Amino acid sequence: MLKTFLIGIKDLRIAFRDRAALIFMLAAPFALTLGMGLVTGRFNGGSSGLSNIPVVIVNLDHEQLGNTLVELFNSEDLADLVEPTSSADPEAARLLVDDDDAAAAIIIPEGFTRSVIPQAGEQATEAKIEVYANPSRPTSAGVIKAIVDEFISRVDEGSVSGQVSIVKLLRSGRITPQEAQAAGTELTQRLNNDPLDGALAIKLNASTADGEALKFDILAYLAPGMALMFLMYTVSYGGRSILTEKAQGTLPRLLVSPTNSMQILGGKVFGIFLTGAAQMLILIGATTLFFNLKWGDSWGVIVLVLAAVFGATGWGMLITALARTPAQVGSIGSAIMLIFGIMGGSFISIENMPAAVQTFSKITPNAWALNGFTTLGLGGTLADLSTPITALLTMGSILFLASVVLFGKKNLVQK
Amino acid sequence: MSSILQVQNLIKKYDDFTAVKGITFDIKEGEIFSLLGPNGAGKTTTISMLSTLYAPTSGDATIAGHSITKEPMKVRNAIGVVPQDLALYEDLTARENLMFWGQMYGLSGSSLKNRVNEVLGQIGLVDKAKDRVKTYSGGMKRRVNIGVGLLHKPKVLFMDEPTVGIDPQSRRAILDTVKDLNKQGMTVLYTTHYMEEAEELSSRVGIIDHGELIAIGTQKELTKQVGEAETLVLHIGENEDPAALAAAFKGIKEVLEANVIGHEISVITPSAKDVLAAVVTKANERGIKIHSIDIREPNLEAVFLHLTGRALRD
Ligand SMILES: Nc1ncnc2c1ncn2[C@@H]1O[C@H](COP(=O)(O)OP(=O)(O)OP(=O)(O)O)[C@@H](O)[C@H]1O
Ligand SMILES: [Mg+2]
């Protein structure tokens with residue numbers, strides 16, 4: 001275990017001393033993020049990449065909360081981002097989504113308001129808002145879902161605890177301390193004395209939402225896209241170092257030291273993992289610092305980075321196990337970096353690609369991780385990342401198994 | 001003295017090619033044993049098997065009481081290996097390399113630090129310890145390569161042609177280091193194709209050729225095989241034909257052997273001064289110009305020539 005760790009640290013150190021590697025690992029993705037940010041006008045307050053997302057809203061509630069949500073979607077704040085239409089028929093709305101005429105359908109069920117704010121003498125019934133998402137537009141649908149989630153969570157907070165909600169709003173700068181005080185008093189009073197009068201709080205929350213959190217920063221898509229693309233460089237660089245060590249004699253030398261081959265291979269893998277994680281975290285730090293980019297929930301970011309690096313490391317190992325020389329790893333690695341970068345959505349959103357490419361993108365760590373980063377960028381948390389994280393971990397595990405089998409057949413000792 | 005290393009009929013095949021064809025020898029504790037042989041003789045293959053890198057095709061060896069096939073981990077702890085080709089991380093400094101390799105040999109903490117400083121002193125690189133290995137000269141790299149093999153104070157040190165391709169000064173330093181280490185009690189298995197190194201360093205020498213150990217013993221024992229013979233080396237012009245002349249030398253009664261090595265002809269004879277005149281006459285008869293003539297005492301080169309009909313170096 002200790003030796004595995006030490007070998008990994010050694011590789012991390014070597015990678016960060018390699019000027020050429022640093023250019024690919026850090027300078028290139030940073031510069032490309034900057035460049036694409038300039039092109040898309042992110043730095044002069046231009047439009048975000050996602051705009052006018054078509055969404056169908058079916059309001060069967062027709063009461064305060066349902067109406068508030070419809071108003072929210074039609075508000076000035078979201079005017080650029082979404083293009084809502086309304087429909088009376090849930091089936092028709094779903095059909096629009098199925099026909100790819102909308103990114104999502106929002107169906108507000110009858111009695112939604114009452115399920116949150118029970119009328120006197122009435123039993124609270126359960127009624128949930130449904131977001132029927134278009135699978136071929138995951139990012140756009142994600143945006144819609146995030147807006148609805150945000151709305152629901154405010155509704156929940158409003159009905160459960162006015163305090164929490166206000167503190168949160170205050171922290172995020174959505175209401176002023178004066179407003180907070182007034183709203184707080186009001187809410188507390190309401191929750192203590194008059195559970196029936198909840199609508200006010202919701203109205204307050206929704207109307208003070210300035211839409212900032214809901215607006216999608218195009219850099220929150222570009223920066224992870226670039227970082228993930230060059231993460232593929234890092235893992236093939238790390239894989240290549242296994243064969244380089246063989247060629248430069250340090251691998252045989254390790255093998256004649258009292259270190260067993262599992263410790264050595266484990267150390268190499270750990271080194272790739274460490275280097276990739278360091279690269280991602282540095283890029284995240286740098287874009288946060290220089291571009292004022294909000295990556296979102298810290299735990300979500302950390303866990304997603306680790307899962308993405310794990311999945312990518314699996315690819316690095318597979319490439320290494322298939323290649324014969326360090327140079328081969330280098331060229332296969334570069335090819336995969338580009339293919340995965342493009343197919344995984346680093347340049348063009350996956351939604352705009354043909355179905356075949358969208359299916360193919362499922363084997364790239366890029367697509368899954370990008371999906372996760374988009375969720376985080378839209379205000380999601382670790383809890384919302386179970387799909388991409390599971391996919392990345394599964395991908396990594398399968399690739400590791402495959403490469404261990406391939407490595408077993410390959411003689412790492414003799415030239 | 002007891003044997004610290006016993007080799008029993010080691011064989012290594014690479015596919016159809018047999019690189020080591022069943023060699024048997026032993027090394028006594030505290031000695032420097034040289035494996036002397038030309039390129040491709042099987043020296044590195046032998047060391048690779050003894051250091052547990054390659055599994056032998058058949059045969060076995062014990063080192064410090066442990067079998068290389070059955071207890072490789074114990075063998076690895078007992079041996080230090082200085083590979084023929086440099087095996088270092090060029091982007092790390094000498095100190096970082098030594099620290100890392102020391103850790104791989106289970107050293108840690110202050111004992112690791114102290115040992116690294118000691119070894120840096122031994123290889124004369126204290127001042128340069130903070131520089132990356134890639135900035136070093138060939139000789140300095142060789143010294144670090146050796147240093148790595150010494151860190152855990154192995155009982156037996158394998159050195160595979162540690163002086164190949166370096167300047168005479170560094171070579172001198174390395175040979176002195178080997179002798180120092182041996183004085184401190186380290187047993188050394190040293191491979192080389194330089195006869196002079198084997199002569200200077202070793203108590204016993206094994207001569208290896210085409211995967212076979214063709215002679216083994218002290219230098220005295222080995223040179224005796226050539227008898228009291230001396231070697232006469234003639235350097236002739238580049239445009240001359242040495243083969244015909246060598247054939248002619250073989251007709252001289254006192255000449256035991258005459259071999260061509262490039263533009264040299266090496267003549268083995270019981271008495272150099274007795275054949276000198278005849279040799280020069282033969283050359284003159286053919287109109288071949290002799291640039292110079294050396295007379296050499298019996299040495300390992302002569303032994304190799306005698307045993308194989310070829311020179312150690314070509
Ligand atoms: N991995 C291998 N596969 C096939 N043949 C090999 C392999 N390694 C060595 N050989 C062959 O085995 C023979 C012995 O090689 P070895 O490296 O042991 O010789 P050596 O005495 O160390 O030579 P040198 O002085 O050049 O280092 C050579 O003919 C070489 O070509
Ligand atoms: Mg060799």
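Student: What makes the pairing of Gln84(B) with ligand 1 a polar contact?

Tutor: A polar side-chain atom of Gln84(B) sits 2.8 Å from an oxygen atom of ligand 1. A polar contact is a pair of N or O atoms within 3.5 Å, so 2.8 Å qualifies.

Student: Good to know! What sort of model is this?

Tutor: It is predicted, with local features needing pLDDT of at least 70 and side-chain atom pairs pLDDT 80 or more, while totals for chains, interfaces and linings use all residues. Residues count from 1 along each chain as written, chains are lettered from A and ligands numbered from 1 in written order, and side-chain values use heavy atoms, without hydrogens or water.

Student: Which element gives the largest share of the shell around ligand 1?

Tutor: Helix 1 of chain B, a DSSP run (H or I, at least four residues), with 3 residues. The shell holds 5 nonpolar, 6 polar and 2 charged residues.

Student: Which residues of helix 1 and helix 10 of chain A make the contact?

Tutor: Lys10(A), Asp11(A), Ile14(A) and Ala15(A) from helix 1 meet Tyr237(A), Ser241(A) and Glu245(A) from helix 10, where contact means heavy atoms within 4.5 Å. By class, there are 3 nonpolar, 1 polar and 3 charged residues.

Conventions. Helix = DSSP H or I, 4+ residues; strand = E, 2+ residues; numbered from the N terminus. Nonpolar A, V, L, I, M, F, W, Y, C, P; charged D, E, K, R; others polar. Polar contact = N/O pair within 3.5 Å; in protein donor to acceptor, adjacent residues only side chain to side chain.
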